[in-house]
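Here is a short tour of a single chain, going from its overall fold to a few residues inside it. Please keep the 3D view open as you read.

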Amino acid sequence: MAGRTVRVGGLPAELPADRLADKLTIHFLRSRNGGGEIADVRVLPGPPPCALITFEAPEVAQRVLEAKDHVLSVGGKKYALEVTAHVAELSPDEVAR
């Protein structure tokens, strides 16, 4: 999974995790946002909440990182997303904790 995962911050804390995951999936599937095929979306509780998005291909993650001004629109509100490379991959032991 190295090089395929990005970390997304700046998420609305009031949205349920499943709805947030759906919104992020739609945003990062769109080619105009640099996105592409997604393997996994994991919303991590906050505060503040963040998400780990793993793409099928590392070049898609790279395009997403290079794209500027990711803005998530939810219910008429706009949220500026902070997208960074996710370098620490979680082992199965860490996920189970």
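## Fold and core

The chain holds three helices and six strands, where helices (H or I, at least four residues) and strands (E, at least two) are DSSP runs numbered from the N terminus. Along the sequence, their order is β-α-β-β-α-β-β-β-α. This is a predicted model, in which local features need pLDDT of at least 70, side-chain atom pairs count only at pLDDT 80 or more, and totals for chains, interfaces and linings use all residues. Residues are numbered from 1 along each chain as its sequence is written, and side-chain values use heavy atoms, with hydrogens and water left out.

Of the 97 residues in the chain, 37% count as buried; buried means under 20% relative accessible area, exposed over 50%, and partly exposed in between (1.4 Å probe, protein chains only). Taking contacts (heavy atoms within 4.5 Å) with a separation of 6 or more, 61% are between residues 24 or more positions apart.

The largest nonpolar core has 20 residues, and Val8, Leu24, Phe28, Ile53, Phe55 and Leu81 have the most contacts inside it. Such a core is a set of buried Ala, Val, Leu, Ile, Met, Phe, Trp, Tyr and Cys residues joined through side-chain atoms within 4.5 Å.

How many aromatic pairs does a search of the whole structure find? The search finds one, formed edge-to-face by phenylalanine 28 and phenylalanine 55. Rings of Phe, Tyr and Trp (its six-membered ring) pair if their centres lie within 6.5 Å; planes under 30 degrees apart count as stacked, over 60 as edge-to-face and the rest as tilted. The two partners are 27 residues apart and link distant parts of the chain, and both are buried.

| Residue | Element | Residues of the element |
|---|---|---|
| Phenylalanine 28 | helix H1 | residues 17–29 |
| Phenylalanine 55 | strand S3 | residues 50–55 |

Leaving aside residues up to four places away in sequence, phenylalanine 28 touches Val8, Gly35, Gly36, Ile38, Ile53, Phe55, Val64, His70, Leu81 and Val83.

Threonine 25 also has its place in helix H1. Is threonine 25 buried or partly exposed? Threonine 25 counts as partly exposed because its relative accessibility is 25%. With residues up to four places away in sequence not counted, threonine 25 touches Ile38 and Val41. Isoleucine 53 is 28 residues from threonine 25 in sequence, and their C-alpha atoms are 8.4 Å apart.
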